[in-house]
Amino acid sequence: MRAAVLEAAGEVPTVRDFDEPDGEVVDVILAGCNPVDLILASGKMGQPTTPAVVGQEGIGTRDGQRVYFNSPPDPFGSWAQRCRVDPAKTFPVPDGLDDAVAVACGIAGLAAWLPLTRHADVSHGETVLVLGATGVVGRIAVQAAKLLGAGRVVAAGRNPESLEQARELGADATVRLGGDDDAAALRGQAGDGYDVVIDPVYGKPFLAALDATASGATLITIGESAGPTAEVPFRSLQARTHVGHYNNAMGAEVLRAGYEEITRHAAEGRIRIDTHRFPLEDAAQAWREQQSGPHVKIAVAP
């Protein structure tokens, strides 16, 4: 079968023939691309298996049914014509939901949805700050927070055009980061302070957001695109809760339930996600597009 294969840590995958998977197998319709794919391939989370097919999620058909699958066992990733899957992490896809939106509701969608439903409660009109609101996870989080009952949602990020799009998706206000005083800019839209912070970026933006939170606030960090460290003063954390979220730490049944919840909203048009598809033969281009920090969900069609 044809597949995008990582030959060595840090390289861009190449498309070539690869061994057919055995065991539980799906025919892949569309594979997702995520920052975690690049991190795993880089060796920053340990030496990757090589050679191996890249990709941690996809949409496929199994026993005549369309399914979403996540975390396929090595060396069979999702950027291939067929993929071995773990049945525990294989979930049904609602009828009528576009394949690209269905895959975007997986790793990215759950990274926004689960923090807002399992780590925090925004159903009583809380004020929510979404950092990195110009990225895929952030844009989904803006929409999810409004759906779940937040009273005010503030979208923060660096790209002004993408921030305006976040407003179109439901943000009540926006804050452009990267100025002289991000903490002051965030406080300017915080009212009495943010009750919940969704943080896909960490680093300095997390510290700026922390300074603008209310007593009792919950801050949920999902990623580290702005930096892997932040020197957090203890007193700044007092009376606040900081959660480091990781989808796969939640357990398969939580992922299954969360995926059913978010895809139901997406199928009914309440969550919109911009996508860009590449054919498998252009896998290297898709990989480089993800490296550039796109504001859309990248997907690859075998």
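At 19% relative accessibility, Glu261 counts as buried. In this text, buried means a relative accessible area under 20%, exposed means over 50%, and partly exposed lies in between, as computed with a 1.4 Å probe on protein chains only. The structure is a predicted model, in which local features need a pLDDT of at least 70 and side-chain atom pairs count only at pLDDT 80 or more, while totals for chains, interfaces and linings use all residues. Residues are numbered from 1 along each chain as its sequence is written, and side-chain values use heavy atoms, with hydrogens and water left out.

Glu261 has a charged partner: it forms a salt bridge with Arg118, and their closest N and O atoms are 2.8 Å apart. Glu261 belongs to helix α9 (residues 252-267) and Arg118 to helix α3 (residues 107-119), so this pair ties together parts that are 143 residues apart in sequence. A salt bridge here is a side-chain nitrogen of Lys or Arg within 4 Å of a carboxyl oxygen of Asp or Glu. Helices (H or I, at least four residues) and strands (E, at least two) are DSSP runs, numbered from the N terminus.

Besides Glu261, the buried residues of α9 include Leu255, Gly258, Tyr259, Ile262 and Ala266. An α-helix has 3.6 residues a turn, so residues three or four places apart point the same way. What covers the buried residues of α9 includes the strands β5 (57-62), β6 (65-70) and β8, together with the helices α2, α3 and α4 (136-147). Contact means heavy atoms within 4.5 Å. Just after the helix, Gly269 takes a positive phi of about 85°.

The search of the whole structure finds 15 salt bridges. One of them joins the side chains of Asp98 and Arg277, at 3.0 Å from N to O. Asp98 lies in the loop between β8 (90-92) and α2 (99-104), whereas Arg277 is in strand β15 (residues 275-279), so the pair ties together parts that are 179 residues apart in sequence. Asp98 is partly exposed at 35% relative accessibility, and Arg277 is partly exposed at 41%.

A further salt bridge connects the side chains of Arg2 and Asp17, at 3.4 Å from N to O. This pair links distant parts of the chain, as Arg2 is in strand β1 (residues 2-6) and Asp17 in strand β2 (residues 14-17), 15 residues apart. Arg2 is partly exposed at 28%, while Asp17 is exposed at 52%. Arg2 and Asp17 are also linked with Glu281 in a network of salt bridges.

The strands may be considered next. Strands of a sheet pair through backbone hydrogen bonds, either parallel or antiparallel. Two strands are said to pair if DSSP finds at least two bridges between them. Three strands form an open antiparallel sheet in the order β2-β1-β4. β2 and β4 (52-53) stand at the edges with a single partner strand each, so one side of each is left without a neighbour in the sheet. Two bridges join β1 and β4, and Val5 stands opposite Val53 in β4.

Strand β16 (residues 297-301) has four of its five residues buried, so it is largely enclosed by the rest of the structure. It pairs in the antiparallel sense with strand β3 (residues 25-33) over three bridges, and Gly32 stands opposite Ala299 in β16. With β15, β16 runs parallel, and five bridges join the two. His276 has Ile298 in β16 as its bridge partner. Together, β15, helix α10 (residues 283-291) and β16 make a right-handed β-α-β unit; right-handed means that, with the strands pointing away from the viewer, the path from the first strand over the helix to the second runs clockwise.

Finally, the chain as a whole contains ten helices and 16 strands. Of its 302 residues, 51% count as buried. A compact globule with 302 residues would have a radius of gyration near 19 Å, and the chain agrees with its 19 Å. That radius is taken over C-alpha atoms, and the globule rule is 2.2 Å times the number of residues to the power 0.38. Among contacts between residues at least 6 apart in sequence, 65% join residues at least 24 apart.
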